[in-house]
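Work through the exercises below with the sequence and the 3D structure open. Try each task before reading its solution.

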Amino acid sequence: LLIKNSARVLKTLPRPIKNFRFLEDPKPLGEKDWEILMTNSVSSTYDLDQVVFNEGDENFSLFRISQGKFRVEKKGRMISELGPPAMFGEMSFLGRFNTSAAIISNENLSVVQIMEYSIVKNVFKLNPELFKLFYWNMAHKLALKLAEYEKDNPRGP
């Protein structure tokens, strides 16, 4: 939904803004950054075919895979597979939207670290530089998803 709405808004903007691209990739979050972000996170283990969340669920958490594989499904069809150190849930986490896809464990003993919004928010109050780095990385990731969506849907939503 976020990508579809963003694509709709993008089409109404003047041409120079439409052609905007990030000039450089953001500095990636390092392991030290992730250690800070993971402060008070909860680890959860999933068995094969166990659902983390379904498409359309409410979500206020960000998930980072630490072990195993998870599949991403839309309308019951697998669209990708994720492994460590990928994260998921960021669109609903950032935009307060319901989840855009289902996430299902693709292996036994798949593990994710779960970061609740309220805890991450407190970490950012203590570390404003991490706040900027995190959101720059998230914006970049969502921009790449939007570009991919536009490539796959040239006529728009």
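**Exercise 1.** Is R71 buried or exposed?

Solution. R71 has a relative accessible area of 13%. Buried means under 20% relative accessible area, exposed over 50%, and partly exposed in between (1.4 Å probe, protein chains only). R71 is therefore buried.

The model is predicted, so local features need pLDDT of at least 70 and side-chain atom pairs count only at pLDDT 80 or more, while totals for chains, interfaces and linings use all residues. Residues are numbered from 1 along each chain as its sequence is written, and side-chain values use heavy atoms, with hydrogens and water left out.

**Exercise 2.** Find the salt bridges of R71 and state which residues they join into one network.

Solution. A salt bridge is a side-chain nitrogen of Lys or Arg within 4 Å of a carboxyl oxygen of Asp or Glu.
- Step 1: the side chains of R71 and D49 form a salt bridge, at 2.9 Å from N to O.
- Step 2: D49 lies in the loop between strand 1 and strand 2 (51-53) and R71 in strand 4 (residues 70-74), so this pair ties together parts that are 22 residues apart in sequence.
- Step 3: R71 also forms a salt bridge with E73, where the closest N and O atoms are 2.7 Å apart.
- Step 4: R71 and E73 are both buried, whereas D49 is partly exposed at 46% relative accessibility.

Helices (H or I, at least four residues) and strands (E, at least two) are DSSP runs, numbered from the N terminus.

**Exercise 3.** Work out the order of the strands in the open sheet of four strands, and which strands stand at its edges.

Solution. Two strands pair if DSSP finds at least two bridges between them.
- Step 1: strand 1 and strand 8 are antiparallel, with five bridges; in one of these pairings, T45 has V111 as its bridge partner.
- Step 2: strand 8 and strand 3 are joined by six bridges, also in the antiparallel sense, and R64 stands opposite Q113 in strand 8.
- Step 3: strand 3 (residues 61-67) and strand 6 run antiparallel and share two bridges, with F63 partnered by F88.
- Step 4: the order is 1-8-3-6.
- Step 5: strand 1 (42-46) and strand 6 (87-88) are the edges; each has a single partner strand, so one side of each is left without a neighbour in the sheet.

**Exercise 4.** Which residue meets R64 in a salt bridge, and which parts does the pair tie together?

Solution. The partner of R64 is E31, at 3.1 Å from N to O. E31 belongs to helix 3 (residues 31-37) and R64 to strand 3, so the pair ties together parts that are 33 residues apart in sequence. R64 is buried, with a relative accessible area of 10%. The structure holds five salt bridges.

**Exercise 5.** Explain why the buried residues of helix 5 are on the same side.

Solution. In helix 5 (residues 117-126), the buried residues are V120, V123 and F124. They cover an arc of only 100° around the axis, which puts them on the same side of helix 5. The arc is that of the directions from the helix axis to the C-beta atoms. An α-helix has 3.6 residues a turn, so residues three or four places apart point the same way. The face turned away from the buried side of helix 5 carries the exposed residues K125 and L126.
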